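My notes follow in the order I took them.

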Amino acid sequence: LSQVFLDIILYVYSRKNRNELFGLFLFITVKAIYLPWVILGIQFLTGNSAMIFVAVIVGGHIFYYFEDVFPKLPIGYNRNPFKAPKFLQNAADAMGLNYIYQGAPDWEDMQLVTILHLTLAQ
């Protein structure tokens, strides 16, 4: 489960930071938007199951779409389907857990996640 979660974070990050460059294997530079596809190709070439990563890409894209694209559309009305219901927010406030979710974090050094991904995939 942790590998799948890490892959979804990688996909969402690559969608939000399209033009950032990543260095792979010390001599290959890839734009962040292509990074999930490069990792999919590496998994395919090394004989790992690529179907799980395809499912991760689909799941990550669904999350990205409803988190970032849908609320900006005219039919979205600034609604976020992943936002917690009001009764859960009130319960969290009552328990002193009133942390406000601000969206996916922007990591300054996402290459660590890429290194972890490539290490755990083997």
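Which residues of the largest nonpolar core touch the most other members? I found Phe-22, Leu-35, Ile-39, Leu-40, Phe-53 and Ile-57, in a core of 13 residues. At least two residues of this core come from each of helix H1 (2–16), strand S1 (21–24), helix H2 (35–45) and helix H3 (50–69). A nonpolar core here is a set of buried Ala, Val, Leu, Ile, Met, Phe, Trp, Tyr and Cys residues joined through side-chain atoms within 4.5 Å. Buried means under 20% relative accessible area, exposed over 50%, and partly exposed in between (1.4 Å probe, protein chains only).

I noted the ground rules. This is a predicted model, in which local features need pLDDT of at least 70 and side-chain atom pairs count only at pLDDT 80 or more, while totals for chains, interfaces and linings use all residues. Residues are numbered from 1 along each chain as its sequence is written, and side-chain values use heavy atoms, with hydrogens and water left out.

Next I looked up the whole chain. The protein chain has five helices and two strands, in the order α-β-β-α-α-α-α from the N terminus. Helices (H or I, at least four residues) and strands (E, at least two) are DSSP runs, numbered from the N terminus. Of the 122 residues, 31% count as buried.

Then I turned to H2. Which of its residues are buried? I listed Leu-35, Pro-36, Ile-39, Leu-40 and Gln-43. Seen down the axis of H2, these buried residues fall within an arc of 140 degrees, so they line one face of the helix. The arc is that of the directions from the helix axis to the C-beta atoms. On the face turned away from the buried side, I found the exposed residues Phe-44 and Leu-45.

I checked two helix pairs. The axes of H2 and H3 come within 9 Å and cross at roughly 165 degrees. That makes H2 roughly antiparallel to H3. Pro-36, Trp-37, Ile-39, Leu-40 and Gln-43 of H2 make the contact with Ala-50, Phe-53, Val-54 and Ile-57 of H3. H1 and H3 pack at about 50 degrees, with axes 9 Å apart, which makes H1 oblique to H3. Axes are lines fitted to C-alpha atoms, for helices over the stretch in contact, and angles run from 0 to 180 degrees between N-to-C directions. Angles under 35 degrees count as roughly parallel, over 145 as roughly antiparallel, 65 to 115 as roughly perpendicular and the rest as oblique.

Last, I looked up Ile-57. Leaving aside neighbours within four places in sequence, Ile-57 is in contact (heavy atoms within 4.5 Å) with Tyr-11, Pro-36, Trp-37 and Leu-40.
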